[in-house]
Amino acid sequence: MATIQLIDVWHSYDLEEGKTKDPQYAVENINVTYENGLAVALLGPSGCGKTTLLKIISGLTTPSKGRVLFDGKDVTELSAKERHIAQVFQFPVVYDSMNVYGNIAFPLANDGVDSDTIRKRVYEVAEILEITSLLKVPAGKLNPADKQKVSLGRGIVRPDTAAVLLDEPLTVIDPKAQWGLRRKLKQVQEELDFTMIYVTHDQHEALTFAEQVTVMQVGKIDQTGSPKELHENPESMFIGYFIGSPGMNMMESSVDEEGTVKFNGTSFKISKKLAAQLLEHGNEFTFGIRPEYVQLSPEKTKNAVSGVVKLVEDTGAYKIVTATVDTLDVKSRAPEDMSISEGDTAWLSFPEEEVKFYKDGKKVI
Amino acid sequence: MKYDNRAWLFLVPALAVMALSAFIPLMTVVNYSLHYIFSGSIPEFVGFANFVDVMRDSAFRGALGRQLLFSVSILAVEIPLGIAIALSMPKKGIGVAISLVLLGIPLLIPYNVVGIVWRLFSQSDIGLIAEVLSWVGYEYNVSLDPVDAPVTLFLLDVWHWTPLVALLSYAGYLAIPDAFYRAAEIDGASRWKVFRFVILPKLRPVLVLAFLLRFMDSFKIYAEPLLLTGGGPGNTTTFMSLFVARKAQSYELGYAGAASLIYLFIVIVMSYIFFQLLNKLGSGESQKA
């Protein structure tokens with residue numbers, strides 16, 4: 001178990017292959033610290049560099065530049081085994097020619113641990129993973145979800161494991177088994193207090209698993225924070241619409257000293273104080289607001305803009321209403337019992353404290 | 001559930017081909033095996049007398065023994081050698097194409113051509129093999145020496161067919177996902193353990209295929225011994241199919257029919273046993289927890 005720290009990490013596969021001219025960086029300028037025992041998720045779209053970052057943490061790749069520290073000790077040049085990192089891969093990796101017991105015992109047997117200790121430890125791990133009844137089953141005959149458990153078992157069987165890395169471990173698991181496996185992962189993490197780093201492109205998986213989520217975009221970390229922080233205070237427009245379903249509403253706007261926010265031929269008011277703060281950064285902004293915070297009313301309300309309801313999606317628990325303000329679609333979440341239907345006029349207001357202003361993709365206020 | 005019998009119509013073409021190519025010839029052989037056939041045309045029904053004759057015939061048992069020894073020897077060499085070649089082949093770059101072409105050449109040569117090429121090689125006066133062995137003082141003579149002939153055939157088969165095992169193993173080897181090696185690295189597995197627990201189990205399906213193909217094919221070896229020495233010297237390279245063919249050529253059709261069926265039976269039973277054994281081997285079933 002260890003605190004993992006990445007300091008100014010850059011990596012380029014071009015440099016690895018010896019192309020020194022104009023190298024493309026898969027990840028750049030990575031600075032992040034994951035405290036010991038934390039459940040962490042690395043979240044980002046495909047190709048954003050999260051797998052590269054995982055390899056750098058695990059020691060399968062040595063970064064072109066920068067340092068990796070485990071508990072303050074420099075491990076940049078150490079191999080995965082020397083770092084005591086365990087990994088669960090996207091496609092279940094089990095040793096087909098051994099049974100489940102043999103699989104879980106394998107790392108310990110390689111370390112030369114005596115067989116009594118191995119047996120005790122394997123049974124402990126199997127107990128935690130609830131696979132004791134499967135110990136005699138050939139690993140090749142298991143279903144994918146159980147294979148992933150065995151894979152995780154091999155990872156946590158060494159008592160000195162520093163961290164467990166999970167690389168999209170639910171990809172090949174059928175949806176019904178996913179829930180159970182995800183719950184199990186979370187439970188193992190909480191019980192054993194291992195640092196676990198979970199890589200995924202699925203925000204739901206990331207937000208439900210992790211205490212801390214790192215969102216990546218084209219090789220850079222956009223924001224690291226708790227799921228709540230990411231949701232309520234997205235540092236970039238990317239996180240605004242990547243996190244949340246539906247994502248944040250984003251609208252091009254201009255602001256003046258009176259606190260008038262003009263967008264798409266209409267406008268609403270914000271406080272003069274906020275306007276003054278914004279004007280220090282210019283007067284053109286993109287403002288964003290989560291659908292949950294857009295207030296929707298069938299009657300005209302103060303400081304509201306009007307729109308025509310284009311679509312009402314009923315989820316059963318609430319309604320997602322898409323209203324068109326002039327030419328722009330604004331999504332909002334309305335209570336289940338609100339009677340509103342397509343074609344109606346709706347009044348939308350944006351509470352000032354929930355509106356975020358962005359410039360060049362980054363949050364200003 | 002109501003069955004639509006018209007479905008059988010779709011099977012007719014396949015069944016017709018099967019009947020013409022396998023079933024009818026096989027039944028003809030079964031028919032022969034139950035008769036004594038005089039002057040090649042007058043049959044007399046004798047029940048299983050031909051089978052008894054075949055089983056009692058030391059020439060048949062000799063051919064079977066040589067055949068088993070031959071097949072077991074080539075399998076014992078070709079499978080491990082094929083795996084070794086596959087694992088030492090380059091995984092990318094120009095080397096891949098070169099090694100594939102080199103391995104492909106023997107496989108592209110027809111059986112009879114292989115036989116003729118090796119016959120030239122093994123000539124005691126002008127042949128390459130005899131010449132090379134004479135440098136170390138060995139007097140090589142494939143048409144007189146009862147050891148030289150089968151050993152030459154063994155080398156011929158290894159040269160001809162190891163590339164098949166190597167190519168199959170190579171394909172299987174390349175298909176192993178990288179994650180398995182990374183996992184083994186993290187688990188601290190030694191190189192031997194990576195081979196034993198990652199590579200070998202992943203190669204198992206192709207190895208079962210290679211093993212069965214080589215077993216059945218070597219059990220049918222015909223053109224090569226015929227061309228090299230005609231089954232000689234003596235009968236040291238008279239393997240099963242050559243033996244049966246000789247009998248048929250000398251119009252002992254009843255005997256040849258019975259021998260063929262016993263031969264077929266042996267191949268099927270042994271292939272089945274091998275298949276079962278190989279599929280169980282190393283599947284983790286026998287391990288204790």
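Tutor: A residue is buried if 20 or more other C-beta atoms lie within 10 Å of its own, exposed if 12 or fewer, and partly exposed in between, with C-beta atoms placed from the backbone. Keep in mind that this is a predicted model: local features need pLDDT of at least 70, side-chain atom pairs count only at pLDDT 80 or more, and totals for chains, interfaces and linings use all residues. Residues are numbered from 1 along each chain as its sequence is written, while chains are lettered from A and ligands numbered from 1 in the order in which they are written.

Student: OK, what share of the residues of chain B count as buried?

Tutor: Start with the make-up of chain B, which has 12 helices and 2 strands (DSSP runs numbered from the N terminus, H or I of at least four residues for helices, E of at least two for strands). Its C-alpha trace spans about 80 × 75 × 40 Å along the principal axes. Of its 289 residues, the buried share is 29%.

Student: How are H3(B) and H7(B) oriented to each other?

Tutor: The axes of helix H3 (residues 58-88) of chain B and helix H7 (residues 148-174) of chain B come within 7 Å and cross at roughly 40°; axes here are lines fitted to C-alpha atoms, for helices over the stretch in contact, and angles run from 0 to 180 degrees between N-to-C directions. Angles under 35 degrees count as roughly parallel, over 145 as roughly antiparallel, 65 to 115 as roughly perpendicular and the rest as oblique. H3(B) and H7(B) are therefore oblique.

Student: What residues does the contact of H3(B) with H7(B) have, by class?

Tutor: A contact means C-beta atoms, placed from the backbone, within 7 Å. Those in H3(B) include B:Phe70, B:Ile74 and B:Val77, and those in H7(B) include B:Phe154, B:Trp161 and B:Tyr173. For the classes, Ala, Val, Leu, Ile, Met, Phe, Trp, Tyr, Cys and Pro count as nonpolar, Asp, Glu, Lys and Arg as charged, and the others, Gly among them, as polar. The residues of this contact divide into 17 nonpolar, 4 polar and 2 charged.

Student: Over to chain A. How are H4(A) and H5(A) oriented to each other?

Tutor: Helix H4 (residues 100-110) and helix H5 (residues 115-129) of chain A have axes that come within 10 Å and cross at roughly 125°. Among the residues that meet are A:Tyr101, A:Ile104 and A:Leu108 in H4(A), with A:Ile118, A:Arg121 and A:Val125 in H5(A). By class, this contact has 9 nonpolar, no polar and 1 charged residues. With that angle, H4(A) and H5(A) are therefore oblique.

Student: Which element gives the most to the side of chain A that touches chain B?

Tutor: Across the interface, 26 residues of chain A are in contact with 19 residues of chain B. Helix H3 (80-83), strand E6 (85-88) and H4 of chain A each supply at least two residues of that side of chain A, which divides into 15 nonpolar, 6 polar and 5 charged residues. The most, 5 residues, come from H4(A).

Student: Is A:Ala163 buried or exposed?

Tutor: A:Ala163 sits in strand E7 (residues 163-167) of chain A. Not counting residues up to four places away in sequence, its contacts include A:Ala2, A:Ile85 and A:Phe194. Since A:Ala163 has 26 C-beta neighbours inside 10 Å, it counts as buried.

Student: What about A:Asp71, exposed or buried?

Tutor: A:Asp71 lies in the loop between strand E4 (65-70) and strand E5 (73-74) of chain A. Its phi is positive, about 50°, although it is not a glycine. Most residues other than glycine have a negative phi. With 12 other C-beta atoms within 10 Å, A:Asp71 is exposed.

Student: How many other C-beta atoms are within 10 Å of A:Asn303?

Tutor: A:Asn303 also has a positive phi, near 55°. Its place is the loop between strand E15 (295-297) and strand E16 (305-314) of chain A. A:Asn303 is partly exposed, because the number of other C-beta atoms within 10 Å is 14.

How values were computed:
Two residues are in contact if their C-beta atoms, placed from the backbone, lie within 7 Å.
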